[in-house]
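Please look through the sequence and the 3D structure shown below, and then read the report that follows with both at hand.

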Amino acid sequence: MGDKDSIIASTTPGQTGDSTNSRSLATLDVSKLNITLAKTLKPLQPVETLRFGQTFSDHMIVATHDPEIGWSIPEIKPYGPIALDPACSCFQYSGNVFEGMKAYLGPDGNARLFRPDMNMRRLERSCARLALPPIDGNVVLELIKHLVNLEKRWIPKESGYSLYLRPTVIGTRPDLAVTASDHAMLYIITSPTGPYFNAIKPISLLAVSGNVRAWPGGTGGHKVAGNYSPGFLPQRTAAEKGYDQLLWLFGDDRRITEAGAMNFFIVVKRDDGDGVDLITTPLDGTILPGVTRASCLSLAGDPEFHKEISVRLHPQEIVYTMSDLAKWSSEGKLLEALVVGTAVIVGSCNRIGYEGEDIVIPSGAVMGPVGTALRQKILDIQEGRTEWKGWGVVCA
């Protein structure tokens, strides 16, 4: 936890403490980072054998928070198990948040992150939502850069491959009281990975309303662990029916929200003939504010991007339903359906099952032109082939 005599004299924003304890709490401090290198490095795997989240690099970062001390000195150490009390709140009450990020190797040999400031702000908000000890995302980002540079050999050179990063904060209060955890652990692990889906091969979706991913006033707009496991059973049911992923619906009007653990977009032909609409559900607290989602919307509204792809896009954040989707399909206006997220980047859908029938997406066996353009532009930025509004951040 760190030497109490070395506590720095600054108060963590938002931290509440015992009125009898006038000591300041230590903040997370990258300048004090300790590094313990692995004695033996793991062999690299051939990229064609990489599967998402199954291979891990040599090192990880760990820091802990104690309510009497604050944040410990962060440490880079060999990757391995962590020891926790079985009564820890992370096990009992799912007080866990995380981020999904990627590091890419550019043609100049530098490792790059993609809009990491957005991930850090979301991490801060997620910790606040679960009443975990506050954390400074700017410091976490600097720690991530240190780890990425140390593990640079793990970043595949092939396009579409990357080093996946999983910063995680878990509540570690060692008792069963149903209350917020004032103890926490930050750890950051990395995993070399290839495409989450075959980007060329579209996926199928089963629209479901009997189960919901999120609800108003809940945690759907935050990246918390408890949002994910309740979807595993309906996902299994979808697979048994021959579908790859779920399309989550909400409300009596069957509003479209997200697809699996990804944001969802559709491309619809406009009545006025002025290009196409790129439609997604607005951020109403039930939708995760994805970094890739925000990037697609930004590109879709940028005239410079329109010139590059020779298509005029109109980004639309609107509420729409399965009835709307079926209507647009029957009228020949539904052109593409896309899933977007850090892992998949941009993927396409070829059919959506609903009430025993399939809505068939006309792009068919390949990704349509809008999805292809968005995916390629984002990849070019991520992999350092083009500069775009400071989105690519070198791990310097």
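## The largest pocket

The lining of the largest pocket is made up of 15 nonpolar, 12 polar and 6 charged residues. The model discussed here is a predicted one, and in this model the largest pocket has a volume of about 810 Å³. Among its 33 lining residues, those closest to the centre of the pocket are Phe98, Tyr196, Lys223, Tyr228 and Ala261. Several elements each supply at least two residues of this lining, namely β8, α4 (232–240), β11 (245–250), β13 (262–269), α5 (291–300) and β16 (334–341).

## Enclosed cavities

Rolling a probe the size of a water molecule over the atoms shows where empty space is left. In this model, 5 cavities of 30 Å³ or more are counted, and the second largest cavity holds about 100 Å³ of space. Its lining includes Gly100, Met101, Lys102, Tyr104, Leu113 and Phe114, and the elements that give two or more residues to that lining are β6, β7, α2 and α5. The strand β6 gives the most, with 3 residues, while by class the lining of the second largest cavity has 6 nonpolar, 5 polar and 1 charged residues.

In soluble globular proteins, nonpolar side chains tend to be buried together. The largest nonpolar core in this model has 34 residues, of which Leu28, Leu113, Val140, Ile144, Val148, Val169 and Leu186 touch the most other members. Among the elements that give two or more residues to this core are β2 (59–66), α2 (116–129) and β9 (184–193), but α3 gives the most, with 7 residues. Apart from this core lies another, of 26 residues, which includes Leu278, Leu297, Leu299 and Trp388.

If residues up to four places away in sequence are left out, Val148 touches Ala103, Ala111, Leu113, Ile155, Leu165 and Cys395.

## Salt bridges

Side chains of opposite charge can pair when their charged atoms come close, and the count for this model comes to 21 salt bridges. One of them joins Glu99 and Arg122, with the closest N and O atoms 2.6 Å apart. This pair links distant parts of the chain, since Glu99 lies in the loop between β5 (96–98) and β6, whereas Arg122 lies in helix α2, 23 residues apart; both residues are buried.

Another salt bridge is formed by Lys377 and Glu308, whose closest N and O atoms are 3.1 Å apart. Lys377 lies in helix α8 and Glu308 in helix α6, so the pair ties together parts that are 69 residues apart in sequence. Lys377 is buried, with a relative accessible area of 8%, whereas Glu308 is partly exposed, at 43%. Elsewhere, salt bridges that share partners join Asp271, Lys327, Glu331 and Lys333 into one network.

How values were computed. Residues numbered from 1 in each chain as written. Predicted model: local features only at pLDDT ≥ 70, side-chain atom pairs only at ≥ 80, totals over all residues. Heavy atoms only, no water. Core = buried A, V, L, I, M, F, W, Y, C linked by side-chain atoms within 4.5 Å. Buried < 20%, exposed > 50% of the residue type's maximum accessible area, 1.4 Å probe, protein only. Helix = DSSP H or I, 4+ residues; strand = E, 2+ residues; numbered from the N terminus. Contact = heavy atoms within 4.5 Å. 1 Å grid on protein atoms, 1.4 Å probe; cavity = no way out; pocket = protein on both sides within 12 Å on 5 of 7 lines; lining within 4 Å. Points joined across faces, edges and corners; volume = space filled by probe spheres on them. Nonpolar A, V, L, I, M, F, W, Y, C, P; charged D, E, K, R; others polar. Salt bridge = Lys/Arg side-chain N within 4 Å of Asp/Glu carboxyl O.
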